[in-house]
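Here is a walk through one structure, taken a piece at a time. Keep the model open beside the text and look up each residue as it comes along.

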Amino acid sequence: QSVDELVAAWRGARPALDPSHLHVLGRLSRIEAGARRRVEAWLAPHGLSWDMFDLIATLLRAPDHAMRPGELSRWCLLSSGAMTKRIDRVVAAGLAERRPDPADRRAQLVRLTPAGVKAAERVVPIHFAAARELLGALTREEREAFATLGRKLLRAVE
């Protein structure tokens with residue numbers, strides 16, 4: 001079903017309700033789900049899920065390819081529990097390791113292993129190119145307008 005059909009169905013079923021929010025929120029939901037499927041599809045041949053890619057890409061741009069779990073949680077927009085599970089998966093895959101933080105022995109760092117650096121350096125350019133291709137349906141001006149509107153809406157919900 002299309003979002004327009006959904007809005008029309010609500011208008012027909014409940015004329016007193018205004019379903020126009022679905023033009024935006026319904027599309028955002030469907031865009032996110034569709035984009036996630038596409039991202040998973042282009043990462044799968046490299047043995048990565050979106051969750052794993054997000055973590056190794058975040059560590060790739062960090063100094064010494066290392067961060068504390070709390071920093072990773074903030075960058076990846078995850079709770080500490082969800083971050084722990086993600087780290088466990090990436091560590092189990094041999095792409096990262098946990099080490100004591102030399103600046104604070106009570107804390108840990110998560111650092112890419114050499115295999116993790118190699119995987120991230122190989123897959124990040126592929127991901128960026130595929131993401132640009134995915135957005136190829138929009139002109140540069142449309143992408144900029146979408147980014148501006150998305151920033152405004154994101155500020156409102158956060």
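Setting aside neighbours within four places in sequence, I56 is in contact (heavy atoms within 4.5 Å) with L48, V90, L95, L112, G116, A119 and A120. You'll find I56 in helix α3; helices here are DSSP runs of H or I with at least four residues, strands are runs of E with at least two, and both are numbered from the N terminus. I56 has 0% relative accessibility, so it counts as buried, a label that means under 20% relative accessible area, while exposed means over 50% and partly exposed is in between (1.4 Å probe, protein chains only). For a sense of distance, take E32: it is 24 residues from I56 along the chain, and their C-alpha atoms are separated by 21 Å.

A word on what you're looking at: this is a predicted model, where local features need pLDDT of at least 70 and side-chain atom pairs count only at pLDDT 80 or more, while totals for chains, interfaces and linings use all residues. Residues are numbered from 1 along each chain as its sequence is written, and side-chain values use heavy atoms, with hydrogens and water left out.

Stay in helix α3 for a moment, because D51 has its place there too. D51 is partly exposed, with a relative accessible area of 24%. Not counting residues up to four places away in sequence, D51 touches R36, R86 and R89. P15 is 36 residues from D51 along the chain, and the C-alpha atoms of the two are separated by 42 Å.

Now, what does α3 itself pack against? Helix α3 (residues 50-60) and helix α4 (residues 69-76) have axes that come within 10 Å and cross at roughly 115°. Axes are lines fitted to C-alpha atoms, for helices over the stretch in contact, and the angles run from 0 to 180 degrees between N-to-C directions. That makes α3 and α4 roughly perpendicular to each other; under 35 degrees counts as roughly parallel, over 145 as roughly antiparallel, 65 to 115 as roughly perpendicular and the rest as oblique. The crossing of α3 past α4 is right-handed, meaning the near helix is turned clockwise from the far one by less than a right angle, with anticlockwise giving left-handed. On the α3 side D54, L55, T58 and L59 take part, and they meet L72, W75 and C76 in α4. Sorted by type, the residues of this contact are five nonpolar, one polar and one charged. Here Ala, Val, Leu, Ile, Met, Phe, Trp, Tyr, Cys and Pro count as nonpolar, Asp, Glu, Lys and Arg as charged, and the others, Gly among them, as polar.

The axes of helix α1 (residues 3-13) and helix α2 (residues 21-43) come within 9 Å and cross at roughly 140°, so α1 and α2 are oblique to each other. Their crossing is right-handed. From α1, the residues V3, D4, L6, V7, W10 and R11 meet L22, H23, G26, R27 and R30 in α2. The residues of this contact divide into five nonpolar, two polar and four charged.

Most residues other than glycine have a negative phi. D64, though not a glycine, has a positive phi of about 55°, and H65, not a glycine either, has a positive phi of about 55°. D64 is exposed, with a relative accessible area of 63%, whereas H65 is partly exposed at 24%.

Three strands form an open sheet in the order β1-β3-β2, with antiparallel pairing; two strands pair if DSSP finds at least two bridges between them. At the edges stand β1 (66-67) and β2 (96-101), each with a single partner strand, so one side of each is left without a neighbour in the sheet. Helix α5 (residues 80-92) packs on the sheet, touching β2 and β3, and its direction makes about 115° with that of β2.

How many bridges join β1 to β3? Two bridges join β1 to strand β3 (residues 104-112), and the strands run antiparallel. M67 stands opposite V110 in β3. A hairpin joins β2 to β3 through two residues.
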